[in-house]
Amino acid sequence: MSVLQAMLHGSVPLESMEALSEHVGSTPQEFAVVIGPSVPVDDAAVFAQWARVHKPDLGVILLRETVDAHALSTALRSGMREVVESRDLAGLTTAVSRARAVSNAIVQTLEDESQAAAQAALSEAQARADAARQEAERPTGRMVTVFSTKGGVGKSLMATNVAVSFADQGSTVCIVDLDVNNGDIAIMLQLTPMRTLNDLAAFHGDIDVDVVETLVTPWSKTLGVVAAPVHLDAPDQATTEDVGKLLDLLVRVYDFVVIDTSGVFDDFALTALDRTDTLVLVGTLDIPALKGLKLATQTLDLLNFPREKWRFVLNRADAKVGLSSDEFESTLGLKADCTLVSSREVLAAVNRGEPLVKAYSGHANSKAIKSFSHSIAGATRAADADVEQDEKSRSSSSRFRLRKA
């Protein structure tokens with residue numbers, strides 16, 4: 001507590017939620033409240049809901065020993081500004097600074113609009129306050145889509161192990177298996193999901209955080225899976241609109257959303273691509289894979305998907321098949337960001353339902369995947385300054401309009 005007070009100069013420590021309510025009522029100039037780990041998250045949510053309605057310029061910041069999906073979803077529903085780990089003192093000071101900026105913007109808006117007619121001022125102030133809150137609560141997660149137009153190249157292997165690597169770095173991660181006809185993510189993680197992607201249809205487009213909690217099958221505390229359908233002849237199937245809403249919500253709940261796609265540019269793949277921050281293309285050292293990837297890159301260019309978002313993984317790069325890695329890269333026009341070698345350990349891990357990076361953490365392929373995941377995470381942090389522009393481009397008229405005639 002003393003360390004927090006020293007870092008948050010001028011802060012006032014309070015011992016109970018009742019004392020907090022009294023203090024906020026008697027001190028209208030307060031711009032931020034930090035609720036500590038000892039306070040139950042539901043009690044914090046009640047206060048945040050009150051503040052959202054009665055004091056919109058007050059930023060509520062939740063401290064937790066561990067930031068999990070429950071805390072994030074509760075914060076999202078109740079209108080809290082941010083959720084920060086109690087050990088992350090730098091993150092806390094940054095969150096308080098952002099709360100001050102948002103509070104100043106809201107207060108200034110209220111003061112400006114109060115000079116107009118009462119009803120007009122109230123409406124405009126509320127609109128601007130909502131805009132400020134939306135900016136403060138904008139999605140912070142990143143979407144990584146793994147794609148290949150040829151089966152058997154290790155697409156699902158990469159999706160699974162990249163996601164596990166993200167989780168090992170301390171991020172919250174959700175894998176979404178959009179290969180609705182032949183999805184393997186649940187098998188590769190030895191999961192038996194009670195719900196799958198097709199269960200989205202039962203919610204008739206009303207998709208919220210509670211729906212996410214229902215659909216996600218947990219693999220660990222920080223990694224969950226939205227599994228592909230188990231039965232191909234299910235009477236109810238998820239629509240692209242449902243999947244789009246789900247993906248939009250997942251990037252508000254998780255740090256990373258990893259998408260495993262089918263081997264074609266179907267509507268589900270296009271829905272993911274339209275929201276993707278990083279596209280991982282996977283191929284193997286053979287002519288059919290080269291041909292498929294070449295056609296895929298040409299299609300992506302037609303879709304105006306920016307090449308700076310592409311990453312290329314060359315699997316089984318040591319294969320002695322009369323085609324070198326340099327020839328493959330030259331023909332494709334892409335340099336491999338990650339190369340994997342042929343290994344019996346890979347198949348052994350898959351057959352046991354274990355991620356390679358866990359089963360054989362010291363293996364050359366595991367080290368390559370971990371390094372690759374770190375590079376994506378690092379690029380994500382560097383791109384945070386461009387998030388607002390990315391959001392505008394996502395909401396503009398769709399880049400992806402190619403459909404079957």
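Author: Let's start with a term we will need: a residue is buried when its relative accessible area is under 20%, exposed when that area is over 50%, and partly exposed in between (1.4 Å probe, protein chains only). The model above is predicted: local features need pLDDT of at least 70 and side-chain atom pairs count only at pLDDT 80 or more, while totals for chains, interfaces and linings use all residues. Residues are numbered from 1 along each chain as its sequence is written, and side-chain values use heavy atoms, with hydrogens and water left out.

Reader: Thanks! Can we try the scale on a residue? How does Arg195 count?

Author: Arg195 counts as partly exposed because its relative accessibility is 41%. Its partner in a salt bridge is Asp199, at 3.7 Å from N to O. Asp199 is partly exposed too, with a relative accessible area of 21%.

Reader: You said "salt bridge". What is a salt bridge?

Author: Side chains of opposite charge can pair when their charged atoms come close. The term is used when a side-chain nitrogen of Lys or Arg is within 4 Å of a carboxyl oxygen of Asp or Glu.

Reader: How many salt bridges does the structure hold?

Author: There are eleven salt bridges in the structure. One of them joins Glu85 and Arg87, whose closest N and O atoms are 3.1 Å apart. Glu85 is partly exposed because its relative accessible area is 28%, whereas Arg87, at 58%, is exposed.

Reader: Which side chain does Arg275 meet in a salt bridge?

Author: Arg275 meets Asp248, with 2.8 Å from N to O. This pair links distant parts of the chain, 27 residues apart: Arg275 is in the loop between helix H11 (267-273) and strand E9 (278-284), and Asp248 is in helix H10 (residues 240-253). Helices (H or I, at least four residues) and strands (E, at least two) are DSSP runs, numbered from the N terminus. Asp248 counts as partly exposed because its relative accessibility is 37%.

Reader: Where does Gln190 lie, and where does Asn304 lie?

Author: Look in the loops. Gln190 lies between helix H8 (185-188) and helix H9 (209-215), and Asn304 between helix H12 (287-302) and strand E10 (310-315). Gln190 is exposed because its relative accessible area is 60%. Asn304, at 54%, is exposed as well.

Reader: One last thing: how many residues apart in sequence are Val341 and Arg316, and how many Å apart in space?

Author: Val341 and Arg316 are 25 residues apart in sequence, but their C-alpha atoms are 4.4 Å apart in space. Val341 lies in the loop between strand E11 (338-339) and helix H14 (344-352). Val341 is partly exposed because its relative accessible area is 32%.
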